[in-house]
Amino acid sequence: MMRSRSRSLLPLLLGLLLPLVLAASAARTVPGPGTGPLLGGWQPIEDLKDPHVREIAEFAVTEYNKQSKLDLKLKSVVKGETQVVAGTNYRLVVSVQNRAVAEKYEALVWERPWLHSRNLTSFKPAV
């Protein structure tokens, strides 16, 4: 009986630990001597034109449009940072077209690629 209970806990433990292991392996390193992966800290995105960054920005604008019933059009990603958590947070400043007016918004998207999951956490005018 004890043996079957421990076997049933194994998938649960793997399910809890796998996201942490994946997040740790995806962590970026901070330049400089003696530094290692910085989990939980925000790191600048070096290539704002990276297709994946653009995809995250498009997702943010599309989701915001669904929620707000607006029709914003993404022009560009102005600034971006990532944060490794149980997945990756993307904090992006995006330039959008709102009818004839260009505006900037800050979008926060949480992505868990192993679950094929993205959530728009925040979308607000950039300061």
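The protein has 2 helices and 5 strands. Helices (H or I, at least four residues) and strands (E, at least two) are DSSP runs, numbered from the N terminus. The order from the N terminus on is α-β-α-β-β-β-β.

This is a predicted model, in which local features need pLDDT of at least 70 and side-chain atom pairs count only at pLDDT 80 or more, while totals for chains, interfaces and linings use all residues. Residues are numbered from 1 along each chain as its sequence is written, and side-chain values use heavy atoms, with hydrogens and water left out.

**The protein as a whole**

The protein has 127 residues, and 31% of them count as buried. Buried means under 20% relative accessible area, exposed over 50%, and partly exposed in between (1.4 Å probe, protein chains only). The accessible surface comes to about 8500 Å². Carbon and sulfur atoms hold 60% of that surface. Such areas come from the Shrake-Rupley method with a 1.4 Å probe; for residues, only the protein chains shown count as cover.

Contacts tell about the fold too. Of the contacts with a separation of 6 or more, 42% are between residues 24 or more positions apart. Here a contact means heavy atoms within 4.5 Å.

**Aromatic rings**

How many aromatic pairs does a search of the whole structure find? The search finds 3. Rings of Phe, Tyr and Trp (its six-membered ring) pair if their centres lie within 6.5 Å; planes under 30 degrees apart count as stacked, over 60 as edge-to-face and the rest as tilted.

Tyr64 and Tyr105 form a tilted pair, because their planes stand at 45°, with the ring centres 5.9 Å apart. Tyr64 lies in helix H2 (residues 51–68) and Tyr105 in strand E4 (residues 101–112), so this pair ties together parts that are 41 residues apart in sequence. Both tyrosines, Tyr64 and Tyr105, are buried.

Tyr64 also pairs with Phe123: the centres are 4.2 Å apart and the planes at 20°, so this pair is stacked. Phe123 sits in strand E5 (residues 117–125), 59 residues from Tyr64 in helix H2. Tyr64 has 18% relative accessibility and counts as buried. Phe123, at 12%, counts as buried too. Ring pairs link Tyr64, Tyr105 and Phe123 into a cluster.

**Charges over rings**

A charge sits over a ring if NZ of Lys or CZ of Arg is within 6 Å of the ring centre and within 35 degrees of the ring normal.

| Charged end | Ring | Distance from ring centre |
|---|---|---|
| Arg91 | Trp42 | 3.9 Å |
| Arg112 | Trp110 | 4.1 Å |
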